[in-house]
Amino acid sequence: MSKWADLPDLILSEIMRRLSFYNDFVIFGAICKSWRSVYSLENPPLSPRCPWLMLAEEKEQKSHTRVFVNLFDNKVYNFKLPELVGKKCIGTSFGWLVSVGTDFQVNLFHPLSKHLLITHEYDCDCIIMVIYGNGRSLAFTRPGYKAWIDIPSHSGSISDIAFYKGKFYAVNCHGEAFVCHTDDDIPFIESIAPRPPATQEIIQMYIVESSGDLFVVSRFRGDDIEDENVHESEGEGEGEDEDEEEKINDNAYVTIGFTILKLECSTKVRSKYKYKWVKARLHGHAIFGVVSVSDTCRTPERVDSLGDQALFVGDNSSVSLFASSFNGCKANCIYYTDDYVEVFPFTLNGGGYDMGVFSVEDGEYKHHYEGESLSYFSTPLWYI
């Protein structure tokens, strides 16, 4: 063991960069002090190589332990993370957890390397953008900045943001897409694609880069079919108290479909927007499809598959991965977590149950995690 411990840091770093799975990273850091030292000094920390599900905090307990699940081998890992005690995790991005403390200080924390990035003190060349407040506005900062800089917007209600070809792009709750200009003296956002038709029933919108393209994903929610059956049986009798009715209606929403639209440059003369799209057709109970729009034809060119891609959406940065790179990851699917935070406080046991994997090919829904991850204030997150 001593000979392995004496390996030069450069060689250890090269070994670590060739690891493929979380398990290997954890084991690498546990070998000995010298290996752990190399792992913790990696700057920036290596991004995770496969998706994990970080479960919600349990019952508002200020525990030092957070639970991560590798869905593809069903292994559960308990990480001691005292750095997150008293802080709420509000998202993830490229291996970093975004947390907010009681003092409203926003930090970035990498649970594998234990790197802590205090946004106004860290010295590196990067930009950090967040969606904040009840109006879901945009703000950004850079290391060394003393404050967050608001980006004025006439629309507000931003649902998701993505970094694409050197710029941040955003989509609001209606499906209107924007590009963010942060290098100007006065930052601003520019609308680049109009609101798609018939988006009034959409609960959540996501924007994600996939194989060099920019997709906007619409997520539809509706009543749980099982709950509807319960309502019918309930109507046969009277005298039910209000508490029982609230209990019956607890899990009243589930994801019933997705629409995936691809943004493409528009060369149409006198067009207000740089990009355009059209809504995909409906497929029974499931609403899905990928549509590419070309100005050379009036009929949308339909793309029936995401190919080898798998999308991961939820209360974190939306991500697209090559499914063939990970054993157990299903191609042409959308993996989703429950991010309907607004209704969590009004449910019986908290939110977090609306999770699953949606097959674009056949419109089927399956569970990706058989356990529970319920909370009134915390959402399960993809850690990728």
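**Entry 1: Arg-221 and its partners**

I began with the side chains of Arg-221 and Asp-354 in this predicted model, which meet in a salt bridge at 3.0 Å, N to O. I then placed the two residues: Arg-221 lies in strand β16 and Asp-354 in the loop between β24 and β25, so the contact ties together parts that are 133 residues apart in sequence. Both Arg-221 and Asp-354 are buried.

I looked next for a further partner of Arg-221 and found Asp-339, with the closest N and O atoms 2.8 Å apart in a salt bridge. Asp-339 is located in the loop between β24 and β25, and Arg-221 in strand β16, 118 residues apart, so I noted this as another link between distant parts of the chain. Asp-339 is buried, as is Arg-221.

I turned to Asp-354 again and recorded its salt bridge with Arg-219, where the closest N and O atoms are 3.2 Å apart. Arg-219 belongs to strand β16 (residues 213–223), while Asp-354 sits in the loop between β24 (333–336) and β25 (356–359), so this pair joins parts 135 residues apart in sequence. I checked the accessibility of each. Asp-354 counts as buried because its relative accessibility is 4%, under the 20% limit. Arg-219 has a relative accessibility of 0% and therefore also counts as buried.

I conclude that Arg-219, Arg-221, Asp-339 and Asp-354 are linked in a network of salt bridges. The structure holds seven salt bridges.

I examined strand β13 (residues 177–181) for burial and found five of its five residues buried. Where do the side chains of β13 point? Ala-177, Val-179 and His-181 point one way, Phe-178 and Cys-180 the other way, and all are buried. In a regular strand the side chains alternate between the two faces of the sheet. I took the value for Cys-180 separately: at 2% relative accessibility, this residue counts as buried.

I then listed the pairing of β13. Strand β12 (residues 167–172) runs antiparallel to β13 and is joined to β13 by four bridges. Within this pairing, Tyr-169 has Val-179 of β13 as its bridge partner. The hairpin of β12 and β13 has four residues between the strands, and Gly-175 takes a positive phi near 95° in this hairpin.

I also followed β13 to strand β14 (residues 188–193), with which β13 pairs in the antiparallel sense over five bridges. Ala-177 stands opposite Ala-193 in β14. These two strands form a hairpin with six residues between them.

**Entry 2: aromatic pairs**

Tyr-164 and Tyr-169 make one of them, an edge-to-face pair with 5.6 Å centre to centre and 70° between the planes. Tyr-164 and Tyr-169 are both buried.

How are the rings of Phe-258 and Tyr-336 arranged? Their centres are 5.5 Å apart and their planes stand at 55°, so I classed the pair as tilted. Phe-258 is in strand β17 (residues 253–262) and Tyr-336 in strand β24, 78 residues apart, and the pair links distant parts of the chain. Phe-258 is buried, and Tyr-336 is buried as well.

I noted one cluster, in which ring pairs link Trp-52, Phe-68, Tyr-77, Phe-79 and Tyr-383.

**Entry 3: cysteines**

I searched the whole structure for disulfides and found zero. Cys-329 is in no disulfide, and the nearest cysteine sulfur, that of Cys-333, is 8.0 Å away. I recorded a relative accessibility of 10% for Cys-329, which therefore counts as buried.

**Entry 4: confidence**

I finished with the predictor's confidence. The chain has an average pLDDT of 76, and 73% of the residues score at least 70. Over residues 225–249 the pLDDT is below 50, and this stretch has twelve contacts in the model beyond near neighbours in sequence. For residues 278–303 the pLDDT also stays under 50, yet the model has 64 contacts beyond four places in sequence there. Where pLDDT is low, the predicted coordinates should not be read in detail. I have therefore drawn no detail from such coordinates.

How values were computed
Residues are numbered from 1 along each chain as its sequence is written. This is a predicted model: local features need pLDDT of at least 70, side-chain atom pairs count only at pLDDT 80 or more; totals for chains, interfaces and linings use all residues. Side-chain values use heavy atoms; hydrogens and water are left out. A disulfide is a pair of cysteine sulfur atoms within 2.5 Å. Buried means under 20% relative accessible area, exposed over 50%, partly exposed in between (1.4 Å probe, protein chains only). Two strands pair if DSSP finds at least two bridges between them. A salt bridge is a side-chain nitrogen of Lys or Arg within 4 Å of a carboxyl oxygen of Asp or Glu. pLDDT is the predictor's confidence in each residue, from 0 to 100. Contact means heavy atoms within 4.5 Å. Rings of Phe, Tyr and Trp (its six-membered ring) pair if their centres lie within 6.5 Å; planes under 30 degrees apart count as stacked, over 60 as edge-to-face and the rest as tilted.
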